[in-house]
Amino acid sequence: LAWYAGTQDNGLIYSYDQGQSWQQPKDVAGGAVYAVSVDPRNKCVVYTAINKTIMKTEDCNRTYKAIYTESRDEFYMTAIAIDPKNSQIVYVGGTSGDVLKSVDGGKSWSVSKRFGDEVRQINVHPQDSNQVYVGLTNKGLNKSADGGATWYAITPDTVKYEGASKFRAMVYAPATGNSFILATGYGLFKTINGGDSWEPLK
């Protein structure tokens with residue numbers, strides 16, 4: 001079992017002994033790491049968002065190569081998600097608000113959606129990979145039910161729950177297929193129907 005940690009200034013580190021010792025890949029030894037994602041079907045394939053670039057290893061951290069670089073000076077990459085059913089499908093996002101999709105393991109990319117707000121997190125549903133969720137810093141949670149072709153907002157009622165549009169994080173509740181917990185500027189919410197409705201957690 002490998003543990004990964006991204007640092008603010010010193011790149012990526014990883015441990016194979018539950019944190020007793022740490023190693024660092026030479027190709028990602030500096031810079032800010034905002035996201036790390038391990039291929040669920042091949043643990044030697046790892047994607048890292050470091051500064052403006054998405055890096056990928058296919059040899060268990062021995063070497064990394066750049067597979068996407070944000071060309072605009074003011075933006076950097078912040079989020080990565082791998083389709084659990086088909087790990088050639090990868091989603092990435094950044095502070096520009098753009099979400100990109102690759103269907104060939106990062107060899108090529110297309111724009112799925114330009115949200116216009118910083119992408120904090122991308123999740124692909126573990127049982128239904130057509131369902132993709134994108135959390136935006138100030139514009140809440142968005143969902144695609146068709147693998148990123150179209151998107152719609154599923155943020156809890158921002159009039160009733162002030163601060164709900166400020167996305168912080170989301171996690172799945174694995175016992176039930178469409179349940180997850182959403183953390184926002186208002187507080188915590190739970191859905192049991194994929195975001196169609198929400199209940200605040202007291």
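Start by selecting Ile181: its bridge partner in β17 is Lys190. You are looking at a predicted model, where local features need pLDDT of at least 70, side-chain atom pairs count only at pLDDT 80 or more, and totals for chains, interfaces and linings use all residues. Residues are numbered from 1 along each chain as its sequence is written, and side-chain values use heavy atoms, with hydrogens and water left out.

Now select residues 180–184, strand β16, together with residues 188–191, strand β17. These two strands pair in the antiparallel sense over four bridges. Strands here are DSSP runs (E, at least two residues), numbered from the N terminus, and two of them pair if DSSP finds at least two bridges between them. In general, strands of a sheet pair through backbone hydrogen bonds, either parallel or antiparallel.

Next, click on Gly194, in the loop between β17 and β18. Is Gly194 buried or exposed? Gly194 counts as buried, at 0% relative accessibility. Buried means under 20% relative accessible area, exposed means over 50%, and partly exposed lies in between (1.4 Å probe, protein chains only). Show the neighbours of Gly194 as well: not counting residues up to four places away in sequence, Gly194 touches Tyr133, Lys143, Ile154, Asn178 and Phe180. Such a contact means heavy atoms within 4.5 Å.

**Stop two: another four-stranded sheet**

Move to Tyr91, whose bridge partner in β9 is Lys101. Strand β8 (residues 90–94) and strand β9 (residues 98–102) are antiparallel and share four bridges. They belong to an open sheet of four strands with antiparallel pairing, in the order β7-β8-β9-β10. Each edge strand, β7 (77–82) or β10 (110–114), has a single partner strand, so one side of each is left without a neighbour in the sheet. On average, neighbouring strands of this sheet are turned by 20 degrees against each other, direction ignored. For that angle, axes are lines fitted to C-alpha atoms (for helices over the stretch in contact), and angles run from 0 to 180 degrees between N-to-C directions.

**Stop three: Ser37 in strand β3**

Select Ser37, found in strand β3. With a relative accessible area of 11%, Ser37 is buried. Leaving aside neighbours within four places in sequence, Ser37 is in contact with Val45, Val46, Tyr47, Ile80, Ala81 and Ile82.

**Stop four: two loop residues with positive phi**

Which loop holds Gln18? Gln18 lies in the loop between β2 (12–15) and β3 (33–38). Phi of Gln18 is near 60 degrees, a positive value in a residue other than glycine. Gln18 is also exposed, at 56% relative accessible area.

Hop to Asn51, in the loop between β4 (46–50) and β5 (53–57). Asn51 has a phi near 55 degrees, again positive in a residue other than glycine. Asn51 is partly exposed, with a relative accessible area of 34%.

**Last stop: Leu1**

Finish at Leu1, in the segment before β1 (3–6). Leu1 is exposed, with a relative accessible area of 79%.
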